[in-house]
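Please view the sequence and the model first.

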Amino acid sequence: MTSLLLHTCCGPCALYTIDYWRGRGLQVTALWYNPNIHPFQEHQARLGAMNTVSELKAVPLIVVPGYQMVRYLRAVVGKERERCGQCYRLRLEKAAQVAKERGFDAFTTTLFISPHQDHRLLSQIGRELAAHYGTAFLSDDLRAGFRESHRASRELGLYHQRYCGCIYSEWERYAKATMPPIRC
Ligand code: SF4
């Protein structure tokens, strides 16, 4: 069986995604690395939901220790309009590194379930990193499962975020600002 390292952005998006890849015969392990989630208590709330999903689905969860908010900010300051690409790269690069170090056959991300993310850019960055680290990247369009995954999550009473993650997206969400697109 192919082993898959699944980078997870949150519990609600992980519910459907774990089942999707398991349904294709893959042995799934989840990874938590999201230095883009601000502030710290929001990060902890989303990690808590992911821990619950890990228990419910009996899927192992690797949590990268620490909170690398500063690393995220250094990657995007001065490039705010292109920040999502930097953000994808930061998270997917960690997934590629862990996949390679721990001998997984491939890696992917739950971000492919979100209609708010740039799938073409995610795929491009994932493929580049897979080639660089000598591993494989799996991508599929899971957007059809977004509503179902979030409905199941609400039934379970999981924590639901109100904005994509970074402090910029929080501002966009609540100020209804129009600079970069709102993602959540
Ligand atoms: S809007 Fe979302 S994907 Fe884009 S940089 Fe912020 S957290 Fe990352």
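By class, the residues of the shell around the ligand are five nonpolar, three polar and two charged; here Ala, Val, Leu, Ile, Met, Phe, Trp, Tyr, Cys and Pro count as nonpolar, Asp, Glu, Lys and Arg as charged, and the others, Gly among them, as polar. The model is predicted: local features need pLDDT of at least 70, side-chain atom pairs count only at pLDDT 80 or more, and totals for chains, interfaces and linings use all residues. Residues are numbered from 1 along each chain as its sequence is written.

The ligand is surrounded by 10 residues, of which Cys84, Cys87, Cys164, Gly165 and Cys166 are the closest; a residue is near a molecule if its C-beta atom, placed from the backbone, lies within 6 Å of it. Helices H4 and H7 (167–175) each supply at least two residues of this shell, and H4 gives the most, with three residues. Helices (H or I, at least four residues) and strands (E, at least two) are DSSP runs, numbered from the N terminus.

Leu15 lies in helix H1. Leu15 is buried because 25 other C-beta atoms lie within 10 Å; the cut-off for buried is 20 or more, with 12 or fewer for exposed and partly exposed in between. The C-alpha atoms of Leu15 and Leu56, 41 residues apart along the chain, are separated by 9.3 Å.

| Residue | Contacts |
|---|---|
| Ala14 | Thr8, Ala30, Met50, Val53 and Thr110 |
| Leu15 | Val53, Ser149, Ala152 and Ser153 |

Finally, H4 (residues 83–102) packs with H5 (residues 119–133) at an angle of about 35°, their axes 9 Å apart. Axes are lines fitted to C-alpha atoms, for helices over the stretch in contact, and angles run from 0 to 180 degrees between N-to-C directions. The contact of H4 with H5 has nine nonpolar, three polar and three charged residues.

Conventions
Contact = placed C-beta atoms within 7 Å. Lists of a residue's contacts leave out its neighbours within four places in sequence.
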